[in-house]
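Colleague: I have a model open and want to learn how to read it. Can we go through it feature by feature?

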Amino acid sequence: MRLKSIRRSKKQKHFFFSDIRFIFAAFIKTTGILEELKAYKIEFMGLPNGKHTFSFDIGSEFFDCFAHSEIRHGDVHLDLHMEKEENMLVFDFNFHGWVEVSCDRCLDMYREPVDFERRIYIKFGEDHSEQADDIIVIPHTETYVDISHYVYEFLHLVLPLRRVHPDDSQGRSGCDPDMLARVKAHSAGNTDPSADKPLEGAPFEALKSLRFKKSN
Ligand SMILES: [Zn+2]
């Protein structure tokens, strides 16, 4: 019984060290995320009533904090104006820059320009709730507003439904010509020897396989 318990503890020790490594890696990652998002906590409690301005440069480090972000890269400048009133906070967000997204036509990445404004009202109440899309209630006891998830949502909601490379100054498509030629050839039933399957099924799936071949 004793021997068994020693053996087990050796085994557990092994797991223990690999667990430590895993926990440490997760800790480093979480700490990085917490550090990155810390700046987005607006501590309003100690500020006098009136106007306050904050500015942020939003890049890959910000999007890396969100596992499901459709945006991975970008360079967006945010000017945030906060009006602190007796019973309310008014936040005006001004975004300017670009984010990188995948083109629906050629699947290559391109820069989607970002230039828009949003306003939200923060009111005080008993608990956290949302009275409308732009009216948020937070408890009286709260001392800060974390704007990171508003920034994340605004940047995703503003993306166009149809995402394609913008045309150049002469009106020509900005898409990857090589990829477009391959798509066109497949659509016309051309059996390219480098392609082992003709285009069939969902066009988007076929495009994905083209993309994979190109990178090989
Ligand atoms: Zn494109």
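Colleague: Which residues of helix 4 are exposed?

Modeller: This is a predicted model. Pro177, Ala181, Lys184 and Ser187 are exposed on one side of helix 4. The buried residues of this helix, which spans residues 177-187, are Arg182, Val183 and His186. Those three cover an arc of only 100° around the axis, so they sit on the same side of helix 4.

Colleague: Now the core. Which residues have the most contacts inside the largest nonpolar core?

Modeller: In soluble globular proteins, nonpolar side chains tend to be buried together. Here the largest nonpolar core has 19 residues. Val76, Val99, Val151 and Leu155 have the most contacts inside it. Two or more residues each come from helix 2 (60-63), strand 3 (74-84), strand 4 (88-102), strand 5 (109-125) and helix 3 (148-157). Strand 4 gives the largest share, five residues.

Colleague: What does Val151 touch, beyond residues up to four places away in sequence?

Modeller: Leaving those aside, Val151 touches Tyr40, Ile58 and Leu78.

Colleague: How many bridges join strand 2 and strand 3?

Modeller: Nine, and the pairing is antiparallel. For a spot to check, find Ser55: it stands opposite Asp79 in strand 3.

Key
Residues are numbered from 1 along each chain as its sequence is written. This is a predicted model: local features need pLDDT of at least 70, side-chain atom pairs count only at pLDDT 80 or more; totals for chains, interfaces and linings use all residues. A residue is buried if 20 or more other C-beta atoms lie within 10 Å of its own, exposed if 12 or fewer, and partly exposed in between; C-beta atoms are placed from the backbone. Helices (H or I, at least four residues) and strands (E, at least two) are DSSP runs, numbered from the N terminus. The arc is that of the directions from the helix axis to the C-beta atoms. A nonpolar core is a set of buried Ala, Val, Leu, Ile, Met, Phe, Trp, Tyr and Cys residues joined through C-beta atoms within 7 Å. Two residues are in contact if their C-beta atoms, placed from the backbone, lie within 7 Å. Two strands pair if DSSP finds at least two bridges between them.
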